[in-house]
Amino acid sequence: MSLPVAGAMRPLLLSKSSTKGLLLLASFGFLLVGAEVFTNGVEWLGHRLGISESATGSILAAMGTALPETTIPVIAILKGGSAASDIGVGAILGAPFMLATIAMFLVGASVYYFADRRANATDLHFNEGATTRDLSFFLVGYTLAFGAALIPDGTTVAAVPIRVVIAAFLVVLYLAYLYLSLRAGELADSDDMDDLHIGLAIEGVLERVGIDPSADHSSDPHFVLTALQTLIALGFIVYGAHLFVDQVEWMSSEVGIPYAIVALIIAPVATELPEAFNSVIWLSRDKDTLALNNITGAMAFQGTLPVTLGILFTPWNLSLAWGTAGFLNAISVLFAIVAGCIVLFRARRVGEDDFNPTPFLGSGVFYVLFIALAVYFVTLGV
């Protein structure tokens, strides 16, 4: 009797795997569509709010697309348990690691790939002040977060646990970052912006029913329309990211990949895709400032606010002891800090000149090294 049952189960397993594969492809579709619509909407939203182009990339785009990866540790922490704790810590650390390595690599690769259609060719035109500000805040915040894990338990400052002090300082640090970012830069020129997608759709519908639009909804859209499109696109991004994570987690469980590895590597690949897709789209359209500050702004956010959740509500397991899960966490932080330092030092040296994207390609080396180290740990069964 066991053989027929096993034979009957095999098609079911294959069917389930096929369904998961289709859902995985569907998640990419949601992310791609969401990123395209979001980049268009957030540019107009920043323009209508009177926010500089660099601040639009560093704040609106970065915080908006950071929502998917931020919700994962929140849900994991609320769920509780050791496995959930591993997922929470991994997700918090994985996001800045992916941004500082693979996302930066995609910036450099995209500049070279789209060189033929770009006005700047292989030069990256960037806002030196915004970029160095973003990376400086990220490096200070993330280094403090790393230090919080190495300070012995029970350490206090004026009877307040040191972790609470560091967490509070990180919140203040990000508020200072927001203040400085909003004060800097100049408003983007609407002549260089594509028509609002939802505005074009509204005008198309009105024309089909024989109504002449009384207002220009695409090239001069109302604030409500820009906000509506941005929120709709954000919904696509959040849903696509979570759909991707669900499928990848199921597939990883089938081959026995530890939860910590899933949270640190696989989940952030999905949740950081919005930043990467947004930046690739902007780079293909010569909007280098938006593209780069979208990533560096997300790094400033991820290196200050989400890490406070890990510091306060998880064991915050970062260890320099070889052969532990905490070691992989610590290495991911160190790699992200080093990769961020390389880009920061290069940006300061370049100043107001255009940026050669080669240093961004080097960021991918840290990602490859970490993957090799993670594979080694999994092979050992750590």
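A: Start with a definition. A helix axis here is a line fitted to C-alpha atoms over the stretch in contact, and the angle between two axes runs from 0 to 180 degrees between N-to-C directions. Keep in mind that this is a predicted model.

Now take helix α4, residues 128–150, and helix α10, residues 288–302. Their axes come within 7 Å. They cross at roughly 25 degrees. Angles under 35 degrees count as roughly parallel. That makes α4 roughly parallel to α10. The crossing of α4 past α10 is left-handed.

Which residues touch? On the α4 side they are Ala130, Thr131, Asp134, Leu135 and Phe138. On the α10 side they are Leu292, Asn293, Thr296, Gly297, Met299 and Ala300. Sorted by class, this contact of α4 with α10 has six nonpolar, four polar and one charged residues.

Next, turn to α5, residues 162–183. The axes of α4 and α5 lie 10 Å apart, at an angle of about 175 degrees. Angles over 145 degrees count as roughly antiparallel. So α4 is roughly antiparallel to α5.

Here α4 contributes Arg133, Asp134, Phe137, Val140, Gly141, Leu144, Ala145, Ala148 and Ala149. From α5 come Arg163, Ile166, Phe169, Leu170, Leu173, Ala176, Tyr177, Leu180 and Ser181. The contact of α4 with α5 divides into 13 nonpolar, two polar and three charged residues. Asp134 is listed in the contact with α10, and Asp134 is also listed in the contact with α5.

Now look at the aromatic rings. Phe137, Tyr174, Tyr177 and Phe301 form one aromatic cluster. Phe137 is among the α4 residues that meet α5, and Tyr177 is among the α5 residues that meet α4.

The whole structure holds twelve aromatic pairs. One of them lies elsewhere: phenylalanine 30 and tyrosine 239 pair edge-to-face, 4.9 Å centre to centre, with 80 degrees between the planes. Phenylalanine 30 is in helix α1 and tyrosine 239 is in helix α7, so this pair ties together parts that are 209 residues apart in sequence. Phenylalanine 30 counts as partly exposed, at 27% relative accessibility. Tyrosine 239 is partly exposed too, at 46%.

How values were computed: Residues numbered from 1 in each chain as written. Predicted model: local features only at pLDDT ≥ 70, side-chain atom pairs only at ≥ 80, totals over all residues. Heavy atoms only, no water. Helix = DSSP H or I, 4+ residues; strand = E, 2+ residues; numbered from the N terminus. Parallel < 35°, antiparallel > 145°, perpendicular 65-115°, else oblique. Left-handed = near helix turned anticlockwise from the far one by under 90°. Contact = heavy atoms within 4.5 Å. Nonpolar A, V, L, I, M, F, W, Y, C, P; charged D, E, K, R; others polar. Phe/Tyr/Trp six-rings, centres within 6.5 Å; stacked < 30°, edge-to-face > 60°. Buried < 20%, exposed > 50% of the residue type's maximum accessible area, 1.4 Å probe, protein only.
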